[in-house]
Amino acid sequence: MFAKDYQHIPVLLKESIAFLNVKPKGTYVDCNLGSGGHAEKIKAKVIGIDMDQEAINSAKARLKNIACVHDNFRNIKKIVKEPVDGILFDLGLSSYQIDEASRGFSLQNDGPLDMRMDKTQKLTAAHIINNLKQEEMEKIFKEFGEERFSHRIAKAIINKRPFYSTFELKEIVEKAIPTWKKRESVTRIFQSLRIAVNQELASLEIALKDAITLLKPGGRLVVLSYHSLEDRIVKHTLRQAKQAGRLNILTKKPIMASEEEIASNPRARSAKLRAAEFK
Ligand SMILES: C[S@@+](CC[C@H](N)C(=O)[O-])C[C@H]1O[C@@H](n2cnc3c(N)ncnc32)[C@H](O)[C@@H]1O
């Protein structure tokens, strides 16, 4: 993989940078570095974190002045030693990760049932699909995918497993559901597995709480989320910190991408930006 292959258009870029209120002598943390699309517009000292080594390689090759850390942002307190002026989260996956069949996230291209953002981790989607009990799998589909046919789908998987490729999984999900809205169910099942494999929601809860403690007075927290389960955690965490008198919320309602941005980058459609300032 070459840096040029790492395709990703940063979402709500101008808005994210504006809410960070960048001070040229300040220090900022980009918790979802990706290929550095946001980080390169932060004209100050930047610490970039990503749990995907390919993202780190791409950002390092493109941007020379960023301290790149290959780690999970849930470890932000260990990574960042001093209070900072701003912290950015741009959650989820990059377009590169989604489109690259070998990563196992793509609905369009067949690949291994992997879905790890951090390839050094052991747990894969194949392990979940081929080893969990029916109730455990059903719980993942229900909680992280909000899929109403979770029971039927888990049962069908148990009866026909093992599965090793994303298209095999897609096919069994499509066969298991009784409606014609098959694509939506497949999308929800893939989302739920991805969240489970990468422990996305648990990491987000930990990281957001810790990030707030790392801000200087007047420091900014900016979070871009892409589905309702993430946004719920962001909204509640910011609200709790506000009630505790620690943050001012700067976005009463989340900022969404303009029609123009969505037309040029469809992945911006589901983005929600929330921002806050440490008191
Ligand atoms: C939407 S992309 C970020 C794109 C980046 N803002 C850009 O413009 O190039 C999300 C990135 O966050 C990383 N990521 C997701 N969850 C993470 C976590 N818990 N810890 C560290 N990195 C994470 C993914 O590997 C992916 O590279």
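**Entry 1: helices H6 and H7.** I looked up how helix H6 (residues 134–145) packs on helix H7 (residues 150–160) and found an angle of about 135°, with the axes 9 Å apart. Helices here are DSSP runs (H or I, at least four residues), numbered from the N terminus. The axes are lines fitted to C-alpha atoms over the stretch in contact, and angles run from 0 to 180 degrees between N-to-C directions. H6 is therefore oblique to H7, the term left once angles under 35 degrees count as roughly parallel, over 145 as roughly antiparallel and 65 to 115 as roughly perpendicular.

I note that this is a predicted model, in which local features need pLDDT of at least 70 and side-chain atom pairs count only at pLDDT 80 or more, while totals for chains, interfaces and linings use all residues. Residues are numbered from 1 along each chain as its sequence is written.

**Entry 2: the helix contact.** I listed the residues in contact (C-beta atoms, placed from the backbone, within 7 Å). Gln134, Met137, Glu138, Phe141 and Lys142 of H6 meet residues of H7 that include Ser150, His151 and Ile153.

**Entry 3: domains.** I found the protein chain divided into domain 1 (3–96 + 201–278) and domain 2 (106–198), with bounds from an automatic or database domain assignment. Their contact takes seven residues from domain 1 and six from domain 2.

Key:
Contact = placed C-beta atoms within 7 Å. Helix = DSSP H or I, 4+ residues; strand = E, 2+ residues; numbered from the N terminus.
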